[in-house]
Every structure is written in structure tokens, then in C-alpha cells.
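Please open the model in your viewer and keep the selection panel at hand. The tour below moves from one selection to the next and says what is there at each stop.

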Amino acid sequence: MKKLCIAIIESSNILIEGLAKVLENGVEFKIAKIFRSPANPQNLVLNNIDILIVNPRFFGENQITKYLHDWREENEELNIVALQTSYLSSPISSLFDAIIELDDDNQTILGKLKNLASKEISNETSESFELSSREKDVLVAIAKGLQNKEIADQLNISVYTVMAHRKNITKKTGIKSIAGLTVYALLNNLLSQSDIK
């Protein structure tokens, strides 16, 4: 079985060593890169990385959304996990594929990563996961033909948050095209045919 490559962005030696020790017990993972203080976070080379574990506090909430966008642009298959060492607001935490908390035990951490790994390996669509109310709002706006910036303005959220919601919608529904998402919205009574331009 191919091991999934993990990269870590964290400055604390204690946290890095602790994560490394936990990951030793997960036979399906290997740490490929550790970035202790990246000079240009948006330019990190993350190809061939399956899971990126990053401490959002390292960058601050204002910058992390931009970096998440840049990293996902570089590697669309990248799963990004937050290493939560302090409070993380809901809009920021929703941008991550999973969250590791400081009080998670080894089995919980490995379970969260294995969950991402199983999605990665099997490439399953997650139709069983229901869309959140905000994801439904974004889906309706997409079906109405709005662009990311227009959706952000309408819902009073950032463009990066819209992009994160779009990624989650695609993951949960397995649908990538706008036409397909429109049909999905119609079939699930999220909008009527008269709402579509």
C-alpha cells in the first residue's frame, strides 16, 4: 500500500515531535516535509503531498484563507488539516478538511487522518453528507449563475470562503459542473426553475 505523504507547517518543536510520534503508529502515513518558518508560504512546493497539517495561528486568520486558496490552487487533491492550538472561528475552521485539537488522543488523530486517507485512496464521493445551510446558499447562488465575487458580496463572506464552500459542495455531492449543480439544486427543491436565468 502506498503511504500518504504528510507535510507539516509548525514552528514548535514539541508539537512537531509529538505529531511525528503519533504518525509513526499510522502505517499508512509518512512525513515528507516539515516547514518550520516558511519565508513565502504561498510558494511552498506541495505537489506529491496528500495531507498538509498547518497551525493557523502561525499565520493569523487574515492570511490563512489566502494561503489555503494558494495551496489548493497548486494541488487540488491536497487535504488541509488545522492543528488547532488556540480558538479558531467557525468561518476559518470550515475551510479545513479536518481539525486536530491539542487534547485529541493518538487514536483520534490517526482516525481523522485515516478518514481523509480513505477518501483519498478510494476517491469516493460523499453523497451521504448533507450540505450545511451556508453551502446550500452558495449552491443556490452558483445555480443562479453568480460568480465567486458576486456570491461573496451577496452572502457577506470572503471570496476564499466561497471557494472553500464550493470545494465542500463538490466533495459532498460528487458534482463538478455548474449545470450538474443546478440540476442537483432543482431536484432537492433548493430553488425553482423560475429562479434560473
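For sorting residues by class, Ala, Val, Leu, Ile, Met, Phe, Trp, Tyr, Cys and Pro count as nonpolar, Asp, Glu, Lys and Arg as charged, and the others, Gly among them, as polar. The model is a predicted one, in which local features need pLDDT of at least 70 and side-chain atom pairs count only at pLDDT 80 or more, while totals for chains, interfaces and linings use all residues. Residues are numbered from 1 along each chain as its sequence is written, and side-chain values use heavy atoms, with hydrogens and water left out.

**The whole chain**

Begin with the protein chain in cartoon view, where there are eight helices and five strands; helices (H or I, at least four residues) and strands (E, at least two) are DSSP runs, numbered from the N terminus. Followed from the N terminus on, the elements run β-α-β-β-α-β-α-β-α-α-α-α-α. The C-alpha trace spans about 55 × 35 × 30 Å along its principal axes. The radius of gyration, 18 Å, agrees with the value near 16 Å that a compact globule of 197 residues would have; this radius is taken over C-alpha atoms, and the globule rule is 2.2 Å times the number of residues to the power 0.38.

If you colour by accessibility, buried residues make up 44% of the 197 residues, where buried means under 20% relative accessible area, exposed over 50%, and partly exposed in between, with a 1.4 Å probe and protein chains only. Among contacts (heavy atoms within 4.5 Å) between residues at least 6 apart in sequence, 65% join residues at least 24 apart.

**The second largest pocket**

Next, select Leu-15, Gly-18, Leu-19, Val-22, Leu-83, Ile-100, Glu-101, Leu-102, Asp-104, Asp-105, Asn-106 and Ile-109, which line the second largest pocket. A pocket, on a 1 Å grid over the protein atoms alone, is an open set of points where a 1.4 Å probe fits, with protein on both sides within 12 Å along at least five of seven lines, and lining residues have an atom within 4 Å of a point. About 150 Å³ of space lies in this pocket, the volume being the space filled by probe spheres set on the points, which are joined across faces, edges and corners.

Which elements each supply at least two residues of this lining? They are α1 (13-24), β5 (98-101) and α4 (106-122), and α1 gives the most, with four residues. By class, the lining has seven nonpolar, two polar and three charged residues.

**The aromatic cluster**

Now show the side chains of Phe-58, Phe-59, Tyr-67 and Trp-71, which ring pairs link into a cluster. Rings of Phe, Tyr and Trp (its six-membered ring) pair if their centres lie within 6.5 Å, and planes under 30 degrees apart count as stacked, over 60 as edge-to-face and the rest as tilted. A search of the whole structure finds four such pairs. One of them joins Phe-58 and Phe-59 edge-to-face, at 5.0 Å centre to centre and with 80° between the planes. The rings of Tyr-67 and Trp-71, by contrast, are stacked, because their planes stand at 25° with the centres 5.9 Å apart.

Tyr-67 and Trp-71 both lie in helix α2 (residues 61-74), four residues apart, which is about one turn of the helix. Tyr-67 is buried at 11% relative accessibility and Trp-71 is buried at 0%, whereas Phe-58 is partly exposed at 28%.

Stay with Phe-59, which sits in the loop between β3 (51-54) and α2 and is buried, with a relative accessible area of 14%. Not counting residues up to four places away in sequence, Phe-59 touches Ile-9, Pro-38, Pro-41, Val-54, Ile-64, Tyr-67 and Trp-71. Its C-alpha atom is 9.0 Å from that of Pro-41, 18 residues away along the chain.

**Helix α5 and its surroundings**

Move on to α5 (residues 133-143), where Glu-135, Val-138, Leu-139, Val-140, Ala-141, Ile-142 and Ala-143 are buried. These buried residues pack against α6 (148-155), α7 (159-173) and α8 (178-187). Just after α5, Gly-145 takes a positive phi of about 90°.

Arg-134, also in α5, is partly exposed at 32% relative accessibility. Leaving aside neighbours within four places in sequence, Arg-134 is in contact with Leu-155, Ile-157 and His-165. Arg-134 and His-165 are 31 residues apart in sequence and 7.9 Å apart in space, C-alpha to C-alpha.

End the tour at Val-183 in helix α8, a residue that counts as partly exposed at 44% relative accessibility.
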